[in-house]
Amino acid sequence: MTGVRKAGVVVCVAFAAIAGPVLAQDAAPSLQSMIDEVAAGSVIEVPAGTYSGPIVIDKPLTLRGGSVVVVDGGGSGDVFYVSSADVAIEGFTIRNTGASLDRENAGVSADMAPRLVVRDNVFEDVLFGVFIRNAEESLITGNVIGAKALDLGRRGDGIRLWESPRSVIEHNTIEGGRDTVMWFADDVVVRDNVIEGGRYGLHFMYSDGALIERNRVSNNSVGAFLMYSRDVVVRDNLFEGNFGPSGYGVGLKDMDGVTATGNHFIGNRVGLYLDNSPSAAGVTQRFDANVFAYNRTGVMFLPSVANNTLTLNAFIDNGEQVGVQGSGAFAGNTWTEGTSGNYWSDFAGYDADGDGVGDLTYRSADLFSELTDDHPELRFFDETPAARAIGLAAEMFPVFRPRPKLEDTAPLMAPRLVAPAVPGSADGSAVPGLAVGTGLVLVAALLAAPGGRRRRHGVA
């Protein structure tokens, strides 16, 4: 925002000395009049009070509020509308937008507004929180963004970026909105956010070169769904408790060149879902050193998906470690690279030479899981005697044993785990759910260590 500060103008509007609290617009000029009267590039330190929206900003400007500065939209339209480059809105409580999805009412709405800064605001009772279009190199940071009390499908998005490349979204808490959306926005950075209680925690389309790191994405219908994009890096995130009808921690559709490392997928319906990813010929993708724990399915593939390498991952007590959804030959993915495979909590092998790598090949072949991949309605019988009987029959009678979905020739004897370095709350404090999820995974690691392993599914 160097362009905003060039003028070096700071405007302070003081209240008249009056007795007793009153609304700011009754005691001093309106916020809109303050904006209209100053030169481009000014900084306005807004006095405490409650101001009426909508507020229109059509010139470079910095607005600074505080914990007791409220801008109320009155339940109609946007609260702030920005149509200029180099605008900053900092430190306000922004509340009470309209409720029109057709008009996309937002707490902060911006169009043709590059280098917009939205910093340290609280959004209450808003349809969309921040909705920016054609606003490259913008910064949305340190905000707490709520939603209107509507059915999930009728809510707006906590944050939506449209054709706003090279923007940064960081250190925000987004609760209860519909989605957090990045569409047609290349080289976006999304880091250190808490996103929970929505439909799609993150939704990317046609956004190449994105970096998604150190976010906590929990208790949404879908954690993150990434589509039609290239060269996206997903690292050191926690995707936890995303358990809607699809319930992917991360879903990939027609993605190319994804790299995912150091992520924790805990307690989702499906940890990672791959549909036609990669989609382009000659493209490969990597998934290394991630944790898939306590999901109904750790990783789910469509049968035609190939050219993915998965190594050094920990698959811990998922209902199904790896699934293949639909019929067709499943091949062409790499599960072992040199002497590095993955850790599988249901591996029934041993390590005679003590090098930390199993001496037998891990094969994923479970008849009941094969049946549920083709007929998901059979999951009703998960963990029942009927399901166990089917598995036992396949073990006793090889004629029933399915062809292995995958083979890992260097399975690890213990998981390689690091606790996720993600924000727990807006102030960075720990969250009980995060602590419990991480604790369970670390307990599993302890039990898997030499001398401490328990017997489960034949694991010695």
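pLDDT is the predictor's confidence in each residue, from 0 to 100. The mean pLDDT of this protein is 85, and 77% of its residues reach 70 or more. Over residues 425–436 the pLDDT is below 50, and this stretch has 15 contacts in the model beyond near neighbours in sequence; contact means heavy atoms within 4.5 Å. Residues 450–460 also stay under 50, with 21 contacts beyond four places in sequence.

The model is predicted: local features need pLDDT of at least 70, side-chain atom pairs count only at pLDDT 80 or more, and totals for chains, interfaces and linings use all residues. Residues are numbered from 1 along each chain as its sequence is written, and side-chain values use heavy atoms, with hydrogens and water left out.

**Sheet and strands**

Strands (E, at least two residues) and helices (H or I, at least four) are DSSP runs, numbered from the N terminus. Two strands pair if DSSP finds at least two bridges between them. An open sheet is formed by 12 strands with parallel pairing, in the order 4-7-10-13-16-19-22-25-28-31-34-37. Strand 4 (55–57) and strand 37 (320–324) are its edges, each pairing on one side only. Strand 37 pairs with strand 34 (residues 297–301) in the parallel sense over 4 bridges, and T297 stands opposite E320 of strand 37.

Strand 6 (residues 69–72) is covered on both faces: V69 and V71 on one side, and V70 and D72 on the other, are all buried. Buried means under 20% relative accessible area, exposed over 50%, and partly exposed in between (1.4 Å probe, protein chains only). Strand 3 (residues 49–52) runs parallel to strand 6 and is joined to it by 4 bridges, with G49 opposite V69. Strand 6 also pairs in the parallel sense with strand 9 (residues 93–95), over 3 bridges; there, I94 is the bridge partner of V71.

**Nonpolar cores**

A nonpolar core is a set of buried Ala, Val, Leu, Ile, Met, Phe, Trp, Tyr and Cys residues joined through side-chain atoms within 4.5 Å. The largest has 86 residues, of which L31, I57, L63, F80 and L226 touch the most other members. Strand 25 (residues 222–227) gives the most to this core, with 5 residues. Leaving aside neighbours within four places in sequence, F80 is in contact with residues including L31, I57, L63, V71 and I94. A second, separate core of 12 residues includes V291, A293, I316 and L412.

**Salt bridges**

Side chains of opposite charge can pair when their charged atoms come close. A salt bridge here is a side-chain nitrogen of Lys or Arg within 4 Å of a carboxyl oxygen of Asp or Glu. The whole structure has 25 of them.

| Pair | N to O distance | Relative accessible area |
|---|---|---|
| K253 and D254 | 3.3 Å | K253 24%, D254 17% |
| D288 and R286 | 2.8 Å | D288 14%, R286 28% |
| E320 and K405 | 2.6 Å | E320 3%, K405 9% |

E320 lies in strand 37 and K405 in the loop between helix 5 (385–396) and strand 40 (406–408), so this pair ties together parts that are 85 residues apart in sequence. E320 is buried, and K405 is buried. Elsewhere, salt bridges that share partners join E170, R191, D192, E213, R214 and R235 into one network.
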